[in-house]
Amino acid sequence: VRKAVVSTQSTGIHSSVSCSKEDKMPLDETNNESYRYLKSVGNDWKFNVEDLHPKMLSRLYKRFDTFDLDSDEKMEMDEILYWPDRMRQLVNATDEQVEKMREAVRTFFFHKGVEPVDGLKRE
């Protein structure tokens with residue numbers, strides 16, 4: 001079992017994340033467009049958390065937590081779509097620019113495994 005310590009500098013919160021080879025991989029070609037594409041071109045590559053350096057794992061969890069606005073360890077599409085609206089405040093984006101960004105963000109995160117209804121769990 002490999003254990004990584006995940007910390008958030010701004011809050012000082014530290015947590016441990018255990019990862020083992022027995023952990024299920026939640027995404028595959030049956031439920032993820034990227035894996036479906038890889039399979040269609042004859043590539044059987046699968047993400048394996050065991051291959052990540054602990055610092056990279058920490059960065060990924062920190063980024064996940066940024067998008068998980070209600071801290072329920074589940075990233076939902078509505079939480080992600082908050083950020084294009086935030087763009088309006090930061091750079092005075094027009095409605096058209098915000099809508100274009102919302103579509104791009106929705107497509108990107110859908111292909112990364114964030115389901116419109118079920119979201120993506122942190123595990």
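Where does E73 lie? E73 is in the loop between helix 2 and strand 3. Welcome to a predicted model, in which local features need pLDDT of at least 70 and side-chain atom pairs count only at pLDDT 80 or more, while totals for chains, interfaces and linings use all residues. Residues are numbered from 1 along each chain as its sequence is written, and side-chain values use heavy atoms, leaving out hydrogens and water. Helices (H or I, at least four residues) and strands (E, at least two) are DSSP runs, numbered from the N terminus.

**The loop**

- S71 sits in the loop between helix 2 (54-67) and strand 3 (74-75).
- Phi is near 55° for S71, a positive value in a residue other than glycine.
- Phi of E73 is also positive, near 60°, and E73 is not glycine either.
- S71 counts as exposed because its relative accessibility is 61% (exposed is over 50%, buried under 20% and partly exposed in between, with a 1.4 Å probe and protein chains only).

**The helix pair**

- Helix 4 (residues 82-91) packs with helix 5 (residues 95-111) at an angle of about 150°, their axes 8 Å apart; axes are lines fitted to C-alpha atoms over the stretch in contact, and angles run from 0 to 180 degrees between N-to-C directions.
- The two helices are therefore roughly antiparallel (angles over 145 degrees).
- On the helix 4 side, P84, D85, M87 and R88 make the contact (heavy atoms within 4.5 Å), and helix 5 brings D95, Q97, V98, M101, R102 and V105.

Note on methods
Angles under 35 degrees count as roughly parallel, over 145 as roughly antiparallel, 65 to 115 as roughly perpendicular and the rest as oblique.
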